[in-house]
Amino acid sequence: MVTWWQAILLGLVQGLTEFIPVSSSAHLNITHWLLGQGRNLQFDVLLHIGTLFALVFYFRHDWAQLIRNPAQVKLRNLVLLACIPAVIVGLLLHNLEEKLPVFIDVRFNALMLAVMALLLWWADHIGRKRRTLEEVNLKDALVIGCSQALALVPGVSRSGATITFGLFRRLTREAAARFSFLMSVPITIGATIMEARKLLEPGAFEALNSSPGVMLLGILISAASGFWAIGFLLNYLKTKDVTLFVMWRLIVAVLVFGICFLRGQLFAPPETPPTPQKTALFDHPKSL
């Protein structure tokens, strides 16, 4: 049963890591593991609904401009074009965790956190970071859009992948992050709707094993912390590099491997989940 304090903790983990390039899916997996419990997929879907509210509310004016302002037609079309590869790959491979349970193994998550940390650091240090959001072109949209497919792997992060490849395309840090978020709005809406269907399945609410108040608390916490995280990231990247997020990824990876070593689990075979779990569309509800 998810208690009120677990709802607060999981809501904070989801909200703070969904949009910052550190991978919410890996952090949720690791948090459940540290709590000594299996993934409560239904409750995680509720948390994703909370961060969806935060995302849509934060970028409501940006998308209103993309829709209404003729001067924004090019950017709007590029954002929508960038969504297409992610949608195709997501629909084809949305059940990877079912086929590859190693994806929810915390050691694999930690490994991917470290690998993506190094890739993000490399992109930030070799990219020229001169091009603004207004300079995004067709090739940028396709490259960044295709990079979202990497977020199917827990530990990569949708924002991490798209910002990394945006930096490789010589976008400024802020431009790469903003394009990533604009692109994530339609992707996340569609992905959350797909995931929310699980809540309509027979026995779904019983599987939540939580009171309505605890469920609402988790949603509100994830929404509030997610809203804060978006603003923090955009403001942070205006003047600073990605070292903070690279270091965070590496520290979490080292801690996970260290705990596994102390528990004698470092080289143990991955456990097969008792109940098959479907991954979400992206590293979001399953991220974008």
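A residue is taken as buried under 20% relative accessible area, as exposed over 50% and as partly exposed in between, with a 1.4 Å probe and protein chains only. By this criterion C260 is buried, at 1% relative accessibility, whereas C146, with a relative accessible area of 45%, is partly exposed. With a disulfide defined as a pair of cysteine sulfur atoms within 2.5 Å, the count comes to 0 disulfides. The model is predicted, so that local features need pLDDT of at least 70 and side-chain atom pairs count only at pLDDT 80 or more, while totals for chains, interfaces and linings use all residues. Residues are numbered from 1 along each chain as its sequence is written, and side-chain values use heavy atoms, with hydrogens and water left out.

Helix α7 (residues 106-126) packs against helix α9 (residues 158-168) at an angle of about 30°, their axes being 8 Å apart; the two are therefore roughly parallel, a term for angles under 35 degrees. The crossing of α7 and α9 is left-handed, meaning that the near helix is turned anticlockwise from the far one by less than a right angle. The contact (heavy atoms within 4.5 Å) involves M116, L119, L120, W122, A123, D124 and I126 of α7, together with G160, A161, I163, T164, L167 and F168 of α9.

Helix α4 (residues 60-68) and helix α10 (residues 173-196) pack at about 80°, with axes 11 Å apart, which makes α4 roughly perpendicular to α10, the range for that term being 65 to 115 degrees. Here D62, W63 and L66 of α4 meet R178, L182, V185 and P186 of α10.

Note on methods
Axes are lines fitted to C-alpha atoms, for helices over the stretch in contact, and angles run from 0 to 180 degrees between N-to-C directions. Helices (H or I, at least four residues) and strands (E, at least two) are DSSP runs, numbered from the N terminus. Angles under 35 degrees count as roughly parallel, over 145 as roughly antiparallel, 65 to 115 as roughly perpendicular and the rest as oblique.
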